Amino acid sequence: MGKETGFLEYEREERSYVAPEERLKTYKEFVLPQGDDVLKKQAARCMNCGIPYCHNGCPVNNIIPDWNHLVYEDDWKNALEVLHSTNNFPEFTGRICPAPCEAACTLNIVDAPVTIKSIECAIIDRGFREGWVKPEVPEKQTGKSVAVIGSGPAGLAAAQQLARAGHAVTVFEKSDRIGGLLRYGIPDFKMEKHLINRRAVQMEAEGVQFRTSSEVGVEVSFTALQENFDAIVLAGGAEEARMLDIPGAELPGVRFAMEFLTQQNKRNAGDDEVRAAPRGSLTATGKHVIVIGGGDTGSDCVGTSNRQGAASVTQLEIMPKPPEKEDKALTWPDWPLKLRTSSSHEEGVERDWAVLTKRVVEDGGDVAGLECVRVEWKDGRMIEVEGSEFTLKADLILLAMGFTGPKRRGLLDRAGVELDERGNVKADTSRYATSEPHVFACGDMRRGQSLVVWAIREGRQCARAVDEALMGVSELPR
């Protein structure tokens with residue numbers, strides 16, 4: 001806890017943003033950090049609530065009341081140590097996590113949870129600024145080697161933990177830079193990529209080797225990895241995007257959100273258009289853009305489209321519009337279904353709910369519009385509303401409808417691991433072992449599309465399982 005009466009004395013004060021008209025001019029982060037005096041008061045609001053439900057809300061089991069109290073006591077260095085004890089990369093989660101811990105906070109009963117995410121981000125940013133974040137090199141090597149396939153949050157967390165246990169770890173990444181979803185799926189205005197580079201330097205000093213542009217199952221033989229490593233961790237993403245199965249979806253102006261986001265991130269990294277867009281440039285400049293899908297990826301497409309200078313942006317969601325406020329008696333401390341408006345939405349977008357797409361309108365071989373109909377949901381069934389058909393003008397349609405699981409061709413076909421009924425790699429959350437000997441799986445490839453914070457948790461837990469399998473026992477935390 002912070003101060004016993006802090007939650008009575010201080011109001012919740014969240015970080016503020018650069019004004020939309022200014023932040024739309026750049027792809028840089030636009031969150032304005034708070035001063036130490038403000039953060040100390042916000043940490044003081046962490047009350048002596050008896051049962052810290054924030055622990056249940058946080059997938060990585062962050063010891064939130066403890067580091068809140070340390071910030072209140074102005075003991076930032078120890079706060080960082082407590083934070084790092086459960087989370088390898090708080091600079092990532094402190095920026096892009098939706099903060100289920102805050103939804104579970106006791107003070108959220110009155111809609112004023114502790115600003116856990118802001119405090120977390122401030123702790124790690126200060127830690128790097130003060131030089132407190134250093135490589136943790138193991139005292140001795142085990143003589144065991146591990147190949148980690150995928151350098152997203154799950155792969156990075158697993159690799160760092162295994163290296164600190166003394167194993168020789170090599171991370172294989174099919175893209176030209178490490179980071180996976182963090183690198184190419186998250187826009188720079190939400191998380192700048194120097195944060196990933198900084199961690200990579202630390203991990204290399206700890207003994208992790210990175211091999212980029214090395215797709216296992218294509219450029220790198222999976223059999224060769226089995227022959228040359230004592231264990232393999234499958235830590236790729238759920239990359240198989242959900243398709244739009246309507247007439248006209250094959251037109252060149254209907255594209256996947258991840259292709260759109262990846263191209264812009266590569267441009268921001270300094271790549272020329274040939275490297276950034278090998279299939280041809282995909283931009284929203286001057287276009288009427290429709291984003292299909294109401295989640296975070298769709299929101300990221302909105303923010304990127306506006307920065308590229310779209311003529312208009314419309315975001316469609318097939319589900320009904322959520323309530324503005326949840327029923328606390330029914331939902332707290334669980335994650336509630338309610339209307340969420342992101343910073344990208346605030347920058348300009350038309351949002352519409354309970355809309356079913358019917359046909360892409362074609363003009364001269366390209367997209368000219370999108371025919372839609374309104375739907376109602378009754379007893380879990382979707383029913384089209386008679387006479388509600390309408391057509392939206394469109395030049396570019398971006399598909400952000402989620403992902404159905406990992407891609408099978410290449411890696412999974414070669415690995416021969418058993419899949420579950422959803423098409424994910426089958427492995428439990430105790431041993432993280434697949435059907436193949438010495439092959440483990442974690443993150444989105446195992447659990448399906450999920451949050452970065454869940455990927456970090458699974459990477460850490462999988463690392464312990466691998467360590468225990470190789471050594472008989474493990475001192476790594478779960």
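The model is predicted: local features need pLDDT of at least 70, side-chain atom pairs count only at pLDDT 80 or more, and totals for chains, interfaces and linings use all residues. Residues are numbered from 1 along each chain as its sequence is written, and side-chain values use heavy atoms, with hydrogens and water left out.

**Terms**
- Helices (H or I, at least four residues) and strands (E, at least two) are DSSP runs, numbered from the N terminus.
- Two strands pair if DSSP finds at least two bridges between them.
- Contact means heavy atoms within 4.5 Å.

**The sheet with β18**
- An open sheet is formed by 5 strands in the order β5-β4-β3-β6-β18, with parallel pairing.
- β5 (209-211) and β18 (439-441) stand at the edges with a single partner strand each, so one side of each has no neighbour in the sheet.
- Strand β6 (residues 231-234) is joined to β18 by 3 bridges, and valine 233 stands opposite phenylalanine 440 in β18.

**The nonpolar cores**
- A nonpolar core is a set of buried Ala, Val, Leu, Ile, Met, Phe, Trp, Tyr and Cys residues joined through side-chain atoms within 4.5 Å; buried means under 20% relative accessible area, exposed over 50%, and partly exposed in between (1.4 Å probe, protein chains only).
- The largest core has 69 residues, and Trp67, Ile123, Val233 and Val466 have the most contacts inside it.
- Helix α21 (residues 452-471) gives the most to this core, with 9 residues.
- Not counting residues up to four places away in sequence, valine 466 touches Val146, Leu162, Ala231, Val233 and Phe440.

**The sheet with β8**
- A parallel open sheet of 5 strands has the order β8-β16-β9-β10-β11.
- Its edge strands, β8 (254-256) and β11 (350-352), each pair on one side only.
- β8 and strand β16 (residues 396-399) pair over 3 bridges, and phenylalanine 256 has leucine 399 as its bridge partner in β16.

**Asparagine 108**
- Asparagine 108 is in the loop between α8 (100-104) and α9 (116-130).
- Asparagine 108 counts as buried because its relative accessibility is 8%.
- Leaving aside neighbours within four places in sequence, asparagine 108 is in contact with residues including Pro113, Glu326 and Trp332.
- A polar atom of the asparagine 108 side chain lies 3.0 Å from the backbone oxygen of alanine 103.

Note on methods
A polar contact is a pair of N or O atoms within 3.5 Å; within protein, one must be able to donate a hydrogen and the other to accept it, and residues adjacent in sequence count only if both atoms are side-chain atoms.
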